Every structure is written in C-alpha cells, then in structure tokens.
Amino acid sequence: METEILKIICANQGAIDTDDLLYNLFPDDSSKVSVIICNREKFASWCPNGQPKVVARTRLRLCRVKDCPETCRDLHLCKNFLFSGFCQFTLHRRGCGLCHELTSDHNQRCLREHELESLSQEELCTLLLQSDNTLLPDICHDYNNSNGEFSKCMDGYGCKRLHICERYVNHECSCWKNHDFNAPQPLKALQARGVPDTLFQSLKALYSNKQALRLAAVNEYGEQRLRGRGAYQGNRGGHWGNRGWRGTRGTRGTRGTRGNRGNRGNQSGHPVQQRTSSLSDIVANIDALDLYTSNGLNESDGENSPTSDVSAATSDNDASSEHGERQKWHPKKVSAAVRGRGGNRGNHQLLHKTRSSSDIHAAVSDEAVKGQNKRQRPVRDKTEICMYFIKGHCRHEDRCFKAHDKMPYRWEVQQGGQWTALEENETIERDYCNPSKSYSSTSPAVHFDTMTCGPNKVRRLSTENSVIEPTFTHTTTWLWYWEDEFGRWNMYSSDAFGGKPENINNRELEKKFLANNKAVVEFTAGSQSYSLSFQDMMETNEHYGTKRLVRRRPRFVAADVLTRKVRRPPVQSAATVPDKWDKTQIPETGYSRVSLQRSAGEFKKVEALFYETMRGFDIVAIERIQNKALWETFQLQKNQMKSKKKGGKVTEKKLFHGTDSKSVDTICYNNFNCRSHETPFGKGSYFARDAKYFLSYTNDSDVRIMFIARVLVGDYTQGSSSYCQPPSKDGGCIHFYDSCVDDVMDPSIFVVFDKPQIYPEYLLQYKVPDTCSGVAAPAPKPVVPIKPAALSG
C-alpha cells in the first residue's frame, strides 16, 4: 500500500491533497492511510494556503562521481534520460558515456533498496527532481530581495539561479517580478541544467514541493536537537548535583542542583554548549530563513543529508525582512520547560522525560498554524471552485481559499467592483461548451470571445484542470476544436483531416497550453503538417498556408453531477488495458517495458511462436510493451473497422518485425513508421508471419532485437511497389482494402499503411548461433500478376 500511495503521489506532480488521498483510497477508514504517510523516509506533510498536502520524497540520488565503479548506493543514470526517456547525445558520433538503462543490475539494486522499483521513468523523474537538490537550479534570493530588473543580483542575466518570484511558487501573485519559467533568464538557467521544455509545466509544482521538503527538514531537525538537548541538560544537571552533594556542607548539595539551570556549568570547568531554540522559536523563524543562499538551505550543495543543511539554517543566518534589509537571526533563550526547570531537583534527579516524536511533530504543526494565524492576510479573491464542497463537505468551511459552489463552474459578472453570480448559470455553460457558439442564448447575452456581458466584464470560475489532477472527480476537462471550410467544428485527434487523425490529442494540447500559453505547436495529420498558435488561436497548414480558427472549450457537465458520488478510478487501473498487464507499471504518458518470467505461460506462447522458424536460437529476454495511449488507439481502430463491416470479424494477427536497438524507444513510444523505404509491396510498415524473414534486418551485435506486434490486417490484396496506401476495392474513393500482402493465396508478408492498425506488443531479444552468422533473409516470393481479390478476415 505504501508503494501504491507513492506511485499515486508521483503521478500527480509529486504532491497530493491529503483529503483527495483519503477519499480515493480509504473513504471509510482514513486511519490506514494516515499511518502510512507518517513514514518520513518517503512522505512529508505540509499545509500551504490552509490545504493539507502530502509530498513524496526519497533519499535516493543520482551518482555524481565520474567513472564510478558502481560501488556506491546512488543511481547510475544519465540525467537527460531521466528527464525525458531519451538522450540526444546517443545520436552523436562520440555518443554518451552515461548509463541509459534503468533496469541495469546496479540501478535495480538501488531502486529495490529504496522500494522504488515499481515506479515508471516519469514518476521516478518527478520524485528525484524534488528530492535531489542538484538537478534543478535554485531560485535566486537576491533577485527576490529588492526592486529593479535584476534587484540585488550582481550576475544579472548570467545568473545560474532562477529569476522568478518566490511567492508565485505557492501562491497567486501579481507583483512586478517574473512569473514565467519560459522568460529569457529562467529559460537559460534551466537549459544550462539540461531541463527539457516538456517539464516546464511541472516546474511550479516541483519548486513548491522542494520548499515543502526543506521546511519539513527544518521541523525534523528541530525535533532532533530538542531531544538531544533535553538529554544533555538532564545528565548535566544530575552531575552538578552529585558534585555539590559530595561537598563538606550539605547546602552545597542544594546549590549543586542549580546545575539544572545551565548557567552555573562553567564553574566546574565544563564547556558551555550553545543554546538551541525552542519549538516556537524554530517555527516562528522559518519564514525568516534564507532558503536560497549558501548560509541557508542551499540546493546546489548536493548534500544528501538534511541534517547538514538544516544545521546551517538554524545557526546565525542572514534573513530578509519585509524591506529587503539583511538582519541576523539569533535564537532565543531556551524556555524553562525545555531546560527541565521545576519539579524535584534532587541530587540524582534527571530532566523530565522528553516528548515523543509524535508529540513534537504535533507541536510543530500547532505552532506553525498559530504563526500563520498571527499574520494578517489580505482578503483573497477566490477564483477556483472547491471540489470537496461539491463532493459533500469541505472541512475548512469559510476559511477555504477556494469558492464553494455545488456545480464545478460558476459564471460571474463584475458590477460596481464586485463579482456577482449570473443567473441561468447552466444555460451559459452549455452554450460555452459548444465551440460553434460565440454568444450565450441568455438575455443579456454573454460574449465568449471578449468575456463581457454588455459593458461589464464576465469571468468563469471552475474546478482544477483534469490534466493537473488526472485521478479525481469533478475536475474540469478542456477540449480543443478547429473549424473546417464548411463551418463545422471538429475535435482534435478525430478523423476529420481527410480521414487521417492528427498525431496529437486534446490532453497533449492542454499540457502544452498550460506549460506556455503563447507557444506554437507543430503536428501532422496524414501527409500534411500544421502549426497551432496558442496566442492567436489559429491553425496553419504549413504547405498551403491555409488558416483555421481554433477554440478551447470545457466538456459540459449537467446539474446531475450532484447525484454522482462515484470517484474517478486512478489512471493506473484503467479498465481498457488487458488483464495481464502489470497495473503498477502503466504510465499516463509514454510506455514501460515489463520483463516476462521464463516460467510464465505468456513467455512460453511468444517463445513457441518464435521457435516455429528460429530453432537453435537462444532467447535472451522477452518484454511486454505497456503503452496505454497506443493500446487505446489500436482498440479504437479495431472498433471502427468492425463498424465498417457491420459487426463482422476483423482479421488480427501476431506478426514479426526486425529492427536495430536505436529504433526501439521510438517504436515503443510512437509506434512504427508507416513510410518504409522497402517497397516491393507498398510504401508502408512490413511485418512477417515467420520470424526468420527479419533475421538479416536486425543489427549485427551479439544480441539482436525483434518486435512481435498485433496487426489488424483486415481485408488484404496483392501489393505493389507503387502503393502509398491500399488500393480501392471497387475503383471508387470510399471502400479500400486494409493492407497488402506478397501472396493473396498464402500471405507471409503484410504491409500496413496506417499506424493505428499496429500495436507493438512484445520486444524479443535473442542470440544468433555461430553456425548461423551471416544468414540472409529469405527472398520474397515472386509476385504473380493476379487480379486483386479481397480475403475477408
């Protein structure tokens, strides 16, 4: 269960609302989750803006030692591969000297030691980015400490830290400082660390989590020092009493017990220990800590132990005041309760028993809440709707920083400087969700393009974006549409582009939009290339220059949402994937490779299929490819082909495809390229019934690679080298064959022209016996000129 919770948190950008976690896992018994998340090795709790969260963390780090002989306990992995699953230096002539195998023996040993072996590459990346202080640049404190373009930062544009507003990380902020990670200076600093732009949309959450983990380290270190100081004071007081009691006068014994006060200690020649701060002192001064300088908690120092970082932070640090001045923080005197004053101070009496860990943790939380309550907060404009209130109850009630409404959207108009709710809320929302409408049907009408109602401004409040919180109910799902020449609005990733869907979908567009709402996204549909400008909301055909309007609208949710209390299942347990898949290794995006055990029936089935034509070859490994997006696309294509046949059977085969190691990641992630250079039977992707056909197409290394793919061959016909797509069945432009073959009567080669008809299911690695080295692939059968005839599957 602990591992499952860690996976869920990492899949949600490294942190999750505590209420969400309890609601989705154990809505009836929250104590089970509460016990698990108390494990400080993996979880940290904090409360930004009054909303309790759980943040994932780990002590695992990337190894920074050059040519390390793998005797350390750190992960040996290329940073670029960790960030994106791909390293561009592998394409260079000199290559990359770092490891790109997360499944290597050393890495698997490290992952098992930290109980992280079930995490996908994306989840592990999120966890390490917020736990390993060497991967992301710090936020520049000098930039945040004054006014001006670079404030007090002497390095200016060349600063290696991020010039971005510290407050923006955890709060909504409208100050003059930079709030964009794509701004020139932050972009330069991030690129210098090798951070790809695909991670930019997660940076705000990651830096918020990093700050939470630093504050958690401060609290934990404070507890450690208090426990250690209490034990020291107790032992020292008892020692003083014993010395005094041995004196010639009994009163000296009484004076000896004054050692408990701590100020008479130097009379005995013992060294004076520097006093530590009380819990209230530590918590009250957390906000004054300079978390971004070398005297404070410096992220760039690369220390793995939080104790070393926090010890520097709790000594005399330079802290910033409200006016940007530097001042020293001096710990206050230790309270009488902490020093152990009062009670029976006899000769052999030690200090009162130190509080337990849970008591101290609770005390820290209480002090933090009191400190927050003492600050005067400005009245906040609530621009987001609380999902917990929709579910039934928000325990924060009026103190919640989100708006409370029983619907996941609310339309408001600004009148007299105040925002008030519009009538006919659901009608306006229904019209807004229709991309063909620019105005609502209400009176007065709301103009959606300008977000006005007459002379007054209008705004729409909604719940959290479903891309940011993919596993929870009542989030808002945004959809993307483009307008064709007939005025019809088509959703992206449909077949409206001349029957060819785009290679990008709504979710990917939304992620890119959230990362940078001024970006230009490039994609393809069929043979055409397009670019989409978020700033202009315009799509352009790169070849013809044709422009089309684009709109982003939410998915409509009717009032009956109040009656739906069924929680959205976690992404990892999607019902559309095969039952045999490992549900703990299904990433939201990308793929995972799951090794099959030789004793498993699944392994034996693939092995038997391979050995039908490859007897004598040694199978090194068989891995199952788990790519949720490709699988769903494959199933959708299968259903569409069934519909065209009016529910008839569609022929599906398991076929072989040989390749080299450089193409493995591309195929697993994006599927096969259906524009092959091999054209005896058409310009498409070639698959063979027999594994031996691709023997010479795999690389010449000791271990060779072959894919076993599910292929929807459907209705096939004789192929031709001139075909760029299957020919027509009747000479028209509507009914086409699904694939081409080498021989209609006895096909052994299948050519597919559309990627959705393929799913790369298994990756098989094998060794070639010495007696078979240099074996060439069998020549294709001679093409017999016959009249094309379909074979129904």
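1. Is Glu652 buried, partly exposed or exposed? Glu652 counts as partly exposed because its relative accessibility is 25%, where buried means under 20% relative accessible area, exposed over 50% and partly exposed in between, with a 1.4 Å probe and protein chains only.

2. This is a predicted model, in which local features need pLDDT of at least 70 and side-chain atom pairs count only at pLDDT 80 or more, while totals for chains, interfaces and linings use all residues. Residues are numbered from 1 along each chain as its sequence is written, and side-chain values use heavy atoms, with hydrogens and water left out.

3. Glu652 and Arg710 form a salt bridge at 2.7 Å, N to O, a term for a side-chain nitrogen of Lys or Arg within 4 Å of a carboxyl oxygen of Asp or Glu. Because Glu652 lies in strand S18 (residues 652–659) and Arg710 in strand S20 (residues 703–712), the pair ties together parts that are 58 residues apart in sequence; strands (E, at least two residues) and helices (H or I, at least four) are DSSP runs, numbered from the N terminus. Arg710, with a relative accessible area of 18%, is buried.

4. Another salt bridge joins Arg459 to Glu412, with the closest N and O atoms 2.9 Å apart. Arg459 sits in strand S9 (residues 456–462) and Glu412 in strand S6 (residues 409–415), 47 residues apart, and both residues are buried.

5. Glu123 and Lys7 also meet in a salt bridge, at 2.8 Å from N to O. Since Glu123 belongs to helix H6 and Lys7 to helix H1, this pair ties together parts that are 116 residues apart in sequence.
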